[in-house]
Amino acid sequence: MDTCKIPVRSLVEYAYRSGDIDSRFRTAGSLTEGTKAHQKIQEQYGEQDRKEVYLSAEIPYGEHLLFVIDGRCDGLLIEGDRIVVDEIKSTSSDIRSIKEDSYPVHWAQANCYAYMYAKEHRAVRMTVQLTYVHIATEETVRYSREAEFAELERFVSGLVARYAPYAEMMQRHERAKIASIAELAFPFESYRKGQRKLAGAVYTAVERGCQLFAKAPTGIGKTISTLFPAVKAIGNGLLNRLFYLTAKTMTRTAAEEAFSLMQTQGLHMHVVTITAKEKICFQEEIRCTKEDCEYADGYYDRINGALLDLLAQETSIGRETIERYARKHRVCPFEFSLDAAYASDAVICDYNYIFDPRVSLKRLFAEQKKQTLLLIDEAHNLVDRARDMFSAHLDKSAFLSIQREFQTDKTPLYYAAKAVNDHFILLRKQSGGAFQTAKEAPSELLALLENFAVAAEGVLMSASAPPNRQLLDLYFAAQDFIRIGKLYEQYKEHYITWLSCTRSEVSLRMYCLNPALLLRQTAKKYRSGVYFSATLAPLSYYMDILGAAPDDYSISVPTPFSQEQLDVRIMPLSTRYRDRGRSIGPLVRLLQDLTSRRPGNYLAFFPSYAYMNEVYEAFAAQGSEGSGVRTLLQQDKMGEEERERYLFSFNAENEDTLIGFAVMGGIFAEGVDLAGDRLNGVVVVGVGLPQIGPERDIVMEYNNETGRNGYDYAYVYPGMNKVLQAGGRLIRSERDRGLLVLVDDRYLQPRYQRLLPEEWRHYRMIGGNA
């Protein structure tokens with residue numbers, strides 16, 4: 001008999017699909033299980049009462065299926081001969097508007113807990129109670145019902161019967177998946193040098209349940225070397241699911257192609273790619289209300305059928321597949337992809353779906369996470385992304401706008417917004433308009449924001465019309481601030497608060513200086529995590545900043561390519577900001593010399609758009625366009641079609657020489673695979689240092705104070721990572737040959753020399769101005 005284990009919340013959500021347990025089309029604050037509100041109610045329980053009680057039950061279905069449902073009920077109350085199951089829900093809307101039958105889904109959840117208790121203890125009768133509590137006033141409303149065991153049993157059996165077709169389909173899929181993984185061989189004739197070492201390390205990390213930090217060179221085949229052992233671990237029962245996390249669309253494509261390759265070899269797994277809402281939305285303007293979007297209206301009425309159809313027919317579920325089925329079943333494609341992701345074996349998505357507390361996949365239960373592997377591709381990108389995810393920003397003008405909008409009626413929201421706006425005015429007066437930093441949390445502002453959030457949620461919840469978009473955005477921004485404020489006492493050594501004033505605007509930011517602890521707190525909830533990149537150097541820096549624990553480990557895979565494949569030159573020309581005007585002429589002559597002596601396809605990377613444009617204009621003014629040399633120029637905010645045209649121009653059959661001007665750290669500097677004669681040479685101008693500014697200087701000062709080398713952590717390491725990524729575009733296979741030119745006199749300094757890969761250190765000098 002096949003066993004289907006399912007949490008009560010998942011069973012009820014599937015059966016009801018009303019959105020009240022996990023609301024996504026509602027506005028800001030559907031009824032939620034607020035921890036503080038729960039605790040305040042539970043503190044009122046008697047000595048014999050119990051809280052957070054784990055319950056489970058086995059329910060046979062048909063001849064071949066056994067359901068195991070489980071969960072934790074908020075309270076079991078002993079009232080004489082009565083046993084009361086108490087289910088607590090918290091809200092910030094008008095609690096008096098909640099009637100006994102307002103939310104059938106809450107009764108369903110409580111009935112399941114009552115059934116499980118009654119079955120285990122052979123109780124013939126139970127009392128089921130719903131307790132609603134207002135998060136601000138602590139006002140409560142309670143409703144209770146008596147239920148015979150037979151009635152509860154019929155109710156739960158009905159839920160199971162509704163879920164059974166989906167469970168049976170997933171059981172068939174599970175058998176096919178395990179059988180296909182057992183037969184799956186490595187999808188190439190042989191391993192490249194270093195691939196087996198990386199694959200073995202990934203599998204070992206899963207076995208040990210620890211984190212792996214892997215520096216593996218470009219071109220080794222990192223994607224398949226991490227995915228193949230992960231799939232095998234699923235087949236061997238070590239994992240149930242994996243997430244392949246990326247920062248950019250181009251690296252996401254590599255993961256999709258690797259899964260597609262394994263699927264052609266017989267792999268049977270549900271693989272879902274999550275595409276950003278703004279890219280996949282069918283509407284011209286994203287407005288997720290039933291009044292504005294036919295795909296949102298009635299979503300929960302149609303989603304079960306859509307999922308059954310999709311998962312029964314498809315295994316490779318990328319953007320096009322999601323869109324096709326979403327149109328067929330008339331469901332929101334973005335929400336559809338999230339629901340499909342929860343049901344899948346592998347998910348390809350952006351970092352934020354795991355690490356960003358604002359948008360993470362919150363319906364992954366703790367037990368599921370413990371059977372899940374995180375594969376973090378191009379992990380060097382996670383450092384700055386994590387700082388942003390764990391930081392929060394507020395502007396005075398946003399609160400002034402809400403204050404003016406609600407001024408007429410003088411509602412609580414008006415006074416709450418006004419109080420925050422007045423506080424910003426006070427901060428500006430106290431600072432004298434100067435930039436200021438503080439190591440303490442803005443406690444007075446946080447208290448005002450708590451009041452604002454409650455008032456805003458009340459308005460958003462009670463509105464009959466579509467939500468006020470500006471208010472909704474500000475509500476979430478305020479919640480970000482509140483969330484970080486609650487962490488502040490525990491993590492205050494990793495944050496700084498800064499205030500900036502520009503004319504009438506006042507901005508306040510709670511900035512995460514070191515994301516290591518928060519990343520580690522998130523990652524340890526999962527079975528294992530593999531952080532890998534060609535440029536995870538120095539490893540000690542990345543293990544420190546990405547939150548490695550003492551029992552985590554690292555590997556460094558040597559390049560599989562020969563020294564003869566790469567011709568490295570250093571031109572000791574100063575590209576410091578003060579010298580850039582003088583450097584343009586020598587750079588133009590360098591590019592002219594390269595294209596005349598060694599025709600082919602080149603990429604020239606620069607530290608900024610401004611510098612790149614100056615060199616490009618000077619190069620074009622020399623008449624190079626008429627000498628058989630074509631040029632391409634990266635533009636800021638290029639669309640997908642523009643990017644594809646840019647890369648498509650790098651053709652091995654080009655008769656003319658081509659130079660693509662691009663920016664370090666940009667869309668063409670990583671995740672781009674131009675194998676063979678599609679790319680013959682790369683020129684990297686500068687050492688990639690981030691622009692000097694208060695944000696980087698604060699990071700530098702913080703690291704100096706904590707015993708690290710602040711300049712290296714804030715500037716050198718992030719800068720050289722861009723250099724390594726740009727140079728890594730050149731050699732992608734055993735057959736590739738190419739020229740790499742590093743332009744800057746700092747490459748001759750020990751600080752930068754030691755950060756160059758071993759294969760780059762066999763360089764020759766070419767002319768320049770020191």
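**Cysteines, charges and salt bridges**

C281 is partly exposed, with a relative accessible area of 23%. That label follows because partly exposed covers the range between under 20% (buried) and over 50% (exposed). The structure here is a predicted model. The whole structure holds 42 salt bridges. The disulfide count is 0.

**Cysteines**

- The disulfide count of 0 rests on a distance cut-off: a pair of cysteine sulfur atoms must lie within 2.5 Å.
- C281 is in no disulfide, as the nearest cysteine sulfur belongs to C293 and is 6.0 Å away.
- C288 is likewise in no disulfide; its nearest cysteine sulfur is that of C332, at 5.8 Å.
- C288 is partly exposed, at 24% relative accessible area.

**A negative patch**

- Which residues form the negative surface patch? The patch consists of E291, E294, D297 and D301.
- E294 sits in the loop between α8 (277-280) and α9 (299-313).
- The relative accessibility of E294 is 43%, so E294 counts as partly exposed.
- D301 belongs to helix α9.
- D301 counts as exposed, because its relative accessibility is 69% and the cut-off for exposed is over 50%.

**Salt bridge E100 to R145**

- The side chains of E100 and R145 form a salt bridge, with an N to O distance of 3.1 Å.
- Where do the two partners lie? E100 is in the loop between β4 (82-91) and α3 (104-121), while R145 is in strand β6 (residues 140-148).
- The pair links distant parts of the chain, 45 residues apart.
- E100 is partly exposed, with a relative accessible area of 30%.
- R145 is also at 30% relative accessibility and counts as partly exposed.

**Salt bridge D480 to R358**

- D480 and R358 meet through their side chains in a salt bridge of 3.4 Å, N to O.
- D480 is in helix α18 (residues 469-491) and R358 is in the loop between α12 (352-355) and α13 (366-369), so this bridge ties together parts that are 122 residues apart in sequence.
- Is D480 buried or exposed? D480 is buried, at 13% relative accessible area, because buried means under 20%.
- R358 counts as partly exposed, at 35% relative accessibility.

**Salt bridge R509 to E695**

- A salt bridge joins the side chains of R509 and E695, at 3.3 Å from N to O.
- R509 is in strand β16 (residues 505-512) and E695 is in helix α24 (residues 694-705), so the pair ties together parts 186 residues apart in sequence.
- R509 is buried, with 15% relative accessible area.
- E695 is partly exposed, at 32% relative accessibility.

- Some salt bridges share partners and join several residues into one network.
- The members of this network are E79, R82, R125, E146 and E148.

How values were computed: Residues are numbered from 1 along each chain as its sequence is written. This is a predicted model: local features need pLDDT of at least 70, side-chain atom pairs count only at pLDDT 80 or more; totals for chains, interfaces and linings use all residues. Side-chain values use heavy atoms; hydrogens and water are left out. Buried means under 20% relative accessible area, exposed over 50%, partly exposed in between (1.4 Å probe, protein chains only). Patches are made of residues with over 30% relative accessible area and no salt bridge: like charges are joined within 9 Å, nonpolar side chains (Val, Leu, Ile, Met, Phe, Trp, Tyr) within 5 Å. Accessible areas come from the Shrake-Rupley method with a 1.4 Å probe; for residues, only the protein chains shown count as cover. A salt bridge is a side-chain nitrogen of Lys or Arg within 4 Å of a carboxyl oxygen of Asp or Glu. Lys and Arg count as positive and Asp and Glu as negative; His and the chain ends are not counted. The place of a charge is taken as NZ of Lys, CZ of Arg, CG of Asp or CD of Glu. Helices (H or I, at least four residues) and strands (E, at least two) are DSSP runs, numbered from the N terminus.
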